[in-house]
Amino acid sequence: MTDIQDYPFPAPGALEPPEEWAELRGRCPVAPIRLASGDEALLLTRYSDVKDLLSDPRFTHHLVADDAANITANEGGGVFASGGTTVRGDAHRDWRKLIGKAFTAKRVSAMQPGIEAAAHRLVDEMVEQGSPADLVAALGFPLPVWVICELLGVPDSDRDRFAHWSDTLLSLTKYTQEEIDAAQADFAAYMRAHAAAKRAEPGDDLISELITLVGALDGRVTEEMTVMTAQGLLVAGHETTANMIGKMVAMLLADRARWERLVADPSLIRTAVEECLRYDANFGFGIPRYISEEVEIGGTTLPKGATVVCSLSSANRDESAFEDAADMDLTRSPNPHLIFGAGPYACLGQSLARTELQTVLKVLIDRLPTLELAVPADVLARREGLIVGGLEQVPVRW
């Protein structure tokens with residue numbers, strides 16, 4: 001056992017992993033940690049342990065038990081405490097099955113041309129405003145918001161509201177409980193009204209399709225299901241992808257030989273995206289699990305009632321799972337990273353995230369082959385106070 005350390009750990013740089021990861025993987029793979037709330041939890045850092053726990057269907061990220069740790073500094077506990085909505089247990093499993101029927105590869109594939117066109121428009125605007133530019137503000141955040149608005153069938157003009165709602169859902173220390181409650185009340189009211197409008201006049205969007213699917217089952221989409229769908233898309237589909245666009249480009253430009261290799265051989269885009277996802281040292285908090293019954297992981301017994309945090313980024317740097325794990329290899333294949341989780345609760349939107357990241361990279365390489373960081377990589381600043389990791393800005397020039 002080791003001394004209790006405050007979590008998340010500080011990192012030496014925006015793109016660098018905390019030193020604690022490698023140390024704990026070798027010495028104490030189940031480590032006690034203290035969260036922003038002051039509550040204690042256990043941290044898993046090894047690939048096999050993280051994969052085993054995430055793959056266990058008995059445990060979810062819904063930290064609603066009386067003895068579950070509070071993840072965030074605000075008393076509500078954030079998105080993990082609520083699971084996004086009041087829908088949990090059997091209702092949550094039914095929701096995932098329903099989303100799986102609507103959120104198909106065919107739907108994602110059909111969106112790709114629109115995503116590419118939107119990326120070109122945003123690059124046009126960035127180029128028109130001139131070099132240097134902040135890639136996060138110009139492309140990283142606007143594109144995924146546009147995608148979510150398309151999916152939900154809501155006006156793109158509401159994207160700033162969605163960005164704020166997303167931030168409050170994922171607050172670790174950034175917002176007060178009062179600010180979070182007000183934002184989520186606004187968001188829930190917005191989505192309930194939107195669902196009512198789609199029931200009255202369906203369109204070619206995910207909410208309309210869910211209404212049709214559930215209508216065939218029991219006559220209507222519940223308000224909870226609608227809000228849960230929208231919140232799930234905001235958490236997984238907007239904030240994480242938006243941050244990843246900035247981090248991906250920063251990682252590739254930090255050693256410009258990586259970027260030049262992609263410009264010379266765009267066929268590497270798919271494996272490069274997967275390697276950026278694996279190599280990302282700034283994923284954020286990780287994925288928690290509430291241990292509702294005693295379980296053994298990696299030779300250690302996790303007691304009933306424990307809250308366990310799975311560090312996906314540490315697992316993805318585990319030398320026992322990845323050869324030369326500390327090196328970025330744009331040709332790495334296979335690449336069984338865990339950034340989208342594993343098992344029955346793996347991210348439902350991972351195909352969409354991959355499509356967005358691959359499309360953005362393709363457009364940037366095609367349009368701006370001379371792209372480079374406008375500041376040294378070691379002065380890039382992390383976004384702070386949220387459950388997901390990102391960069392405040394990625395200044396670029398071309």
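In this predicted model, the buried residues of helix 7 are Pro-142, Leu-143, Pro-144, Val-145, Trp-146, Val-147, Ile-148, Cys-149, Leu-151 and Leu-152. Helix 7 spans residues 142-152, and because ten of its eleven residues are buried, the helix is largely enclosed by the rest of the structure. Just after helix 7, Gly-153 adopts a positive phi of about 75°.

Helix 7 packs with helix 15, which comprises residues 350-367. The angle between the two helices is about 135°, and their axes lie 11 Å apart. Helix 7 is therefore oblique to helix 15, since an angle counts as roughly antiparallel when over 145 degrees and as roughly perpendicular from 65 to 115. The crossing of the two helices is right-handed. On the side of helix 7, the contact is formed by Leu-143, Pro-144, Val-147 and Leu-151, and on the side of helix 15 by Leu-352, Glu-356 and Val-360. Six residues of this contact are nonpolar and one is charged, with no polar residue taking part.

The buried residues of helix 13 are Ile-269, Thr-271, Ala-272, Val-273, Glu-274, Glu-275, Cys-276, Leu-277, Arg-278 and Tyr-279. Among them are residues that count as charged, including Glu-274, Glu-275 and Arg-278.

Conventions
Residues numbered from 1 in each chain as written. Predicted model: local features only at pLDDT ≥ 70, side-chain atom pairs only at ≥ 80, totals over all residues. Heavy atoms only, no water. Buried < 20%, exposed > 50% of the residue type's maximum accessible area, 1.4 Å probe, protein only. Helix = DSSP H or I, 4+ residues; strand = E, 2+ residues; numbered from the N terminus. Axes fitted to C-alpha atoms, helices over the stretch in contact; angles between N-to-C directions. Parallel < 35°, antiparallel > 145°, perpendicular 65-115°, else oblique. Left-handed = near helix turned anticlockwise from the far one by under 90°. Contact = heavy atoms within 4.5 Å.
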